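Trainee: Hi! I'm new to this one, could you walk me through it?
Mentor: Happy to. Let's bring it up first.

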Amino acid sequence: MLIDGHGRNVNYLRISVTERCNFRCQYCMPEKPFSWVPKENLLSFEDLFKFVKVAIDEGIEKIRITGGEPTLRTDLDKFIKMIYNYKNDIDLAMTTNGYLLKESAKKLKDAGLKRINISLDSLKPEIAAKIAGKDVLKNVLDGIEEAMKVGLKIKINMVPLKNVNDSEIVDILEFGKKRGIRVRFIEYMENVHAHSSLKGMHGREILEKIKEKYEIQKVGRIGSSPAFLYQLKNDGYKFGLIDPHKHDFCESCNRIRLTAEGYLIPCLYFDEAMSIKEAVEKGDIEKAVEILKTVLANKPKENRWSEEATEASNRAFYETGG
Ligand code: SAM
Ligand code: SF4
């Protein structure tokens with residue numbers, strides 16, 4: 001069992017397998033970064049897997065593959081299979097923009113992937129293109145359909161933005177409802193890489209939009225999920241709200257993050273990180289365990305996306321995987 005310095009049980013590892021992306025989302029990577037991490041600085045899947053084994057042996061029960069856009073990394077299915085073969089009851093999930101899923105969903109499912117979160121910010125081609133920086137909607141919708149067909153469990157993530165896609169909150173909710181897919185609305189998190197003109201929506205404002213059409217009731221936060229669940233009174237359809245600006249958000253945080261370069265990050269908000277690269281490349285497992293435990297001991301109590309102060313974080317979401 002992995003316990004952090006504030007007594008929280010950390011059993012969830014998010015691995016960003018690449019910072020590269022085929023989208024340029026306004027809230028994440030509106031411009032191509034000045035320079036990508038050179039390929040030789042990336043950890044190979046073999047070295048990432050060495051750390052995954054350490055993490056599982058120490059108590060990690062859930063792994064999410066993310067990015068950048070994880071489906072851009074060659075042989076992703078082989079990495080998923082390595083993890084699955086090591087511990088087939090691990091909760092193995094991925095977050096993707098869905099653009100390449102039509103071609104890759106079956107391969108990933110066959111490799112052992114169980115669940116998938118797909119970002120869908122708009123159902124209008126021109127708005128989706130405005131947010132992602134290119135015409136993406138058809139591919140994303142085809143990707144969602146394919147993921148459903150091959151039997152992956154799906155969730156949809158939407159980041160509502162004022163005067164961009166805020167008029168589509170109910171449309172996205174109904175898109176999920178019709179297909180039996182849970183939708184999660186994520187509050188925009190201020191960060192220095194995002195487009196400076198963006199204005200996010202507070203959780204309260206997102207709920208107000210839904211209340212214009214539906215009566216809703218609170219369900220609650222299930223386990224360590226970052227999403228607070230609500231349901232529609234008429235048919236019980238459940239949706240989630242991820243509201244990191246709320247003061248109780250961090251209380252049940254159970255996660256750490258590993259970047260494609262091998263930095264182990266204790267909190268999405270802060271710059272602190274320690275590299276496991278040298279340890280895994282040398283096969284020094286004891287050192288990798290030591291780094292894991294140090295990072296956990298120093299995991300901050302809470303982020304700083306507070307309700308009062310809306311400071312921006314320096315961390316790039318495409319680096320940490322969100
Ligand atoms: N490329 C994949 C995707 O977009 O789903 C995976 C990586 S992306 C960084 C992971 C999640 O972070 C996505 O659901 C995305 O919407 C979310 N995200 C990125 N930037 C964000 C921001 N500034 N505020 C809130 N959520 C953000
Ligand atoms: Fe790429 Fe995902 Fe960031 Fe959009 S949110 S730019 S799809 S990494």
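Mentor: One term before we start: Ala, Val, Leu, Ile, Met, Phe, Trp, Tyr, Cys and Pro count as nonpolar, Asp, Glu, Lys and Arg as charged, and the others, Gly among them, as polar. Keep in mind as well that this is a predicted model.
Trainee: Which residues surround ligand 2?
Mentor: They are Cys21, Phe23, Cys25, Tyr27, Cys28, Met29, Gly68 and Asn97.
Trainee: And ligand 1, which residues come nearest to that?
Mentor: There are 20 residues around ligand 1, and Tyr27, Gly68, Glu69, Ser119 and Met189 come nearest. By class, its shell divides into seven nonpolar, eleven polar and two charged residues.
Trainee: What does the side chain of Ser119 do there, in terms of distance to an oxygen atom of ligand 1?
Mentor: An N or O atom in the Ser119 side chain is 2.6 Å from an oxygen atom of ligand 1. With Tyr27, a backbone N or O atom lies 2.9 Å from a nitrogen atom of the ligand. Thr96 also takes part through its backbone, where a polar atom is 3.1 Å from an oxygen atom of ligand 1.
Trainee: How much of ligand 1 does the protein bury?
Mentor: Taken alone, ligand 1 exposes 540 Å², and the protein buries 95% of that.
Trainee: Let's switch to the inside of the protein. How many residues has the largest nonpolar core?
Mentor: It has 102 residues. Those with the most contacts inside it are Phe51, Ile63, Phe79, Ile83, Phe185, Ile210 and Phe239.
Trainee: Which helix gives the largest share of this core?
Mentor: Helix α1, residues 45-58, with eight residues.
Trainee: Pick one of those core residues for me. What is Ile83 in contact with?
Mentor: Leaving out neighbours within four places in sequence, Ile83 is in contact with Phe49, Val52, Ile56, Ile63, Ile65, Ile90 and Leu92.
Trainee: Now Asn157. Where does it lie?
Mentor: Asn157 is in strand β5, residues 153-158.
Trainee: Is Asn157 buried or exposed?
Mentor: Asn157 counts as buried, because its relative accessibility is 7% and the cut-off for buried is under 20%. Its side chain makes a polar contact of 3.1 Å with the side chain of Arg184.
Trainee: What about Pro160, where is that?
Mentor: Pro160 is in the loop between β5 and α6. At 0% relative accessibility, Pro160 counts as buried. Among the residues it contacts beyond four places in sequence are Phe185, Ile186 and Ile206.
Trainee: Which loop holds Asn163?
Mentor: Asn163 is in the loop between β5 and α6 (169-179). Asn163 is exposed, with a relative accessible area of 70%. Its phi is positive, about 60°, although Asn163 is not a glycine.
Trainee: Why point that out?
Mentor: Because most residues other than glycine have a negative phi. Asp75 is another example, with a positive phi near 65°.
Trainee: Where does Asp75 lie?
Mentor: In the loop between β2 (62-66) and α2 (76-86). Asp75 is partly exposed, at 35% relative accessible area.

Terms used: Residues are numbered from 1 along each chain as its sequence is written. Chains are lettered from A and ligands numbered from 1 in the order in which they are written. This is a predicted model: local features need pLDDT of at least 70, side-chain atom pairs count only at pLDDT 80 or more; totals for chains, interfaces and linings use all residues. Side-chain values use heavy atoms; hydrogens and water are left out. A residue is near a molecule or strand if one of its heavy atoms lies within 4 Å of it. A polar contact is a pair of N or O atoms within 3.5 Å; within protein, one must be able to donate a hydrogen and the other to accept it, and residues adjacent in sequence count only if both atoms are side-chain atoms. Accessible areas come from the Shrake-Rupley method with a 1.4 Å probe; for residues, only the protein chains shown count as cover. A nonpolar core is a set of buried Ala, Val, Leu, Ile, Met, Phe, Trp, Tyr and Cys residues joined through side-chain atoms within 4.5 Å. Buried means under 20% relative accessible area, exposed over 50%, partly exposed in between (1.4 Å probe, protein chains only). Helices (H or I, at least four residues) and strands (E, at least two) are DSSP runs, numbered from the N terminus. Contact means heavy atoms within 4.5 Å.
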